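Please consider the model shown below.

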Amino acid sequence: MFNFTEYNDNYPLINVVDAMMGQGKSTWMIKSINQSCINSLFGESAPLKIIVVTPYLDEVDRFKEACSEANFKSPVTYGQSKTDNFHELLEAGENIVTTHSLWRGLNRTTYELVSKHKYVLYIDEMMECVEHCKEISNSDFEILSTNSLISTADDGRILWNHDNEPNYRGKFDHIKSLCENGNLYRYKGRMNFWIFPTDFLALFDDVWIFTYLWSGSLMDAYTKAAGYKIYHHTLIDFELAPHPLIDEGPMRAIIKSLITIVDDPKLNAIGKIPKFEKNPYSLSSSWYGKQSIDSLKGIHNLIYNYFNNRVAGPAGVSMWTCYAAQRPSLKGSGYAKGFVSCNARATNEHRHRTNLAYMIDLYMVPVVKMFIESRGVKVDQDQYALSALVQWIFRSAIRDGKPINLFIPSERMRGLLLDWLNPKPMDLRTYKAA
């Protein structure tokens, strides 16, 4: 059930390792996995079965190579789907490394197979675990409801009525599967949401999530709403430590020295927060959706001017982002191939890029925010935006300690970043207590 409840003793505690990029999260994870395998090999601990879930395929290869003691297998497509092969690996009790995208497609067969073994789960970076679902339209919902194929539970879950149609095969097979997996929820009688099944994490002997800026994230809200209890760790000198002990002041000072933020009133004017307008969300998704072709052309010209006239370097060191819907209108000569999604995490593919343009003012999707908060968990929009922004910046050359230039016209996003780079002593005390 996706309801805010008291912590359930039957659910596992979730270990979150929350540390800044470059502080050794992957190194610690690899060392921990190898050591666990060695300990079980020599009888010093019970045998462990391990699953690692990571965002990108190149990280799958990295874990397979680095965790030699685990002998990881990854799902392949040899005459079958990756999900089918994943299930074969689970049935055999193999140690497995796979991607977030495959993980999203788990089903009740996955649940049954995981339950057969004592698996430990490592999740590299937070997953998208709550989304506004448009795969089932309101018309489809009415058709299915009218024909008693689905019903809605008290907690909002959409249930498939097997008693009425036990052998259904047809147009709504995918909807049936999502209902069976516990993925679909109805909100306020008119909106549907896809949810990563909250009960699935309870099947594991241990769960570890490795990320940065966990508090205030969507996955933080998701686990709170599901009733999980979090052990909040960090890394100090590559060793696990309680998160309240971390002092990020010195690290943030180093990062600040590497970032040159564009301070040009003309370039930044597009993102200024108007004092008297009712809708001050310049560069937000909803704001972009209301812009004319001419307005988008003007934003394109700002980006072009920045990359071609304000910073030095070849096109290959350019990195920029906007919302997917506006990407065709805003891309241009000299930077088009440097697009990096605003929710990018974990990848090292862009670590050579030194000239950055962050062209959005990020907010959690409003209906997702309403849905999460209806479960009794408050969403911190600024923390949510800051987490995504810092993760995006760290896809660039700054992760290797190299200087970068940053065009961030949104007054709100620029302010959040500057506050993070210039923490007051009270801010750090608050952060350490979070």
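In which helix is the place of aspartate 220? Aspartate 220 lies in helix H8, which comprises residues 218–225; helices here are DSSP runs of H or I with at least four residues, strands are E runs of at least two, and both are numbered from the N terminus. The model is predicted, so local features require pLDDT of at least 70 and side-chain atom pairs count only at pLDDT 80 or more, whereas totals for chains, interfaces and linings use all residues. Residues are numbered from 1 along each chain as its sequence is written, and side-chain values use heavy atoms, with hydrogens and water left out.

Aspartate 220 counts as buried because its relative accessibility is 6%; buried means under 20% relative accessible area, exposed over 50%, and partly exposed in between, with a 1.4 Å probe and protein chains only. Its side chain makes a polar contact with the side chain of tryptophan 214 at 3.2 Å, and also reaches the backbone nitrogen of glycine 216 at 3.0 Å. A polar contact is a pair of N or O atoms within 3.5 Å; within protein, one must be able to donate a hydrogen and the other to accept it, and residues adjacent in sequence count only if both atoms are side-chain atoms.

At the start of H15, a side-chain oxygen of aspartate 380 comes to within 3.1 Å of the backbone nitrogen of aspartate 382. Of the 13 residues of H15, 10 are buried, among them Gln381, Leu386 and Trp392. The elements that cover these buried residues include strand S10 (206–211), helix H14 (366–374) and helix H16 (411–421).

The sheets come next. Seven strands form an open sheet of mixed pairing, in the order S3-S2-S4-S10-S1-S11-S12; two strands pair if DSSP finds at least two bridges between them. Strand S3 (96–99) and strand S12 (239–242) each have a single partner strand, so one side of each is left without a neighbour in the sheet. Within this sheet, strand S1 (residues 14–18) and strand S11 (residues 230–236) pair in the parallel sense over four bridges, and isoleucine 14 has isoleucine 230 as its bridge partner in S11.

A three-strand open sheet has the order S5-S9-S8 and antiparallel pairing. Strand S5 (130–132) and strand S8 (184–187) are its edge strands.

Key: Contact = heavy atoms within 4.5 Å.
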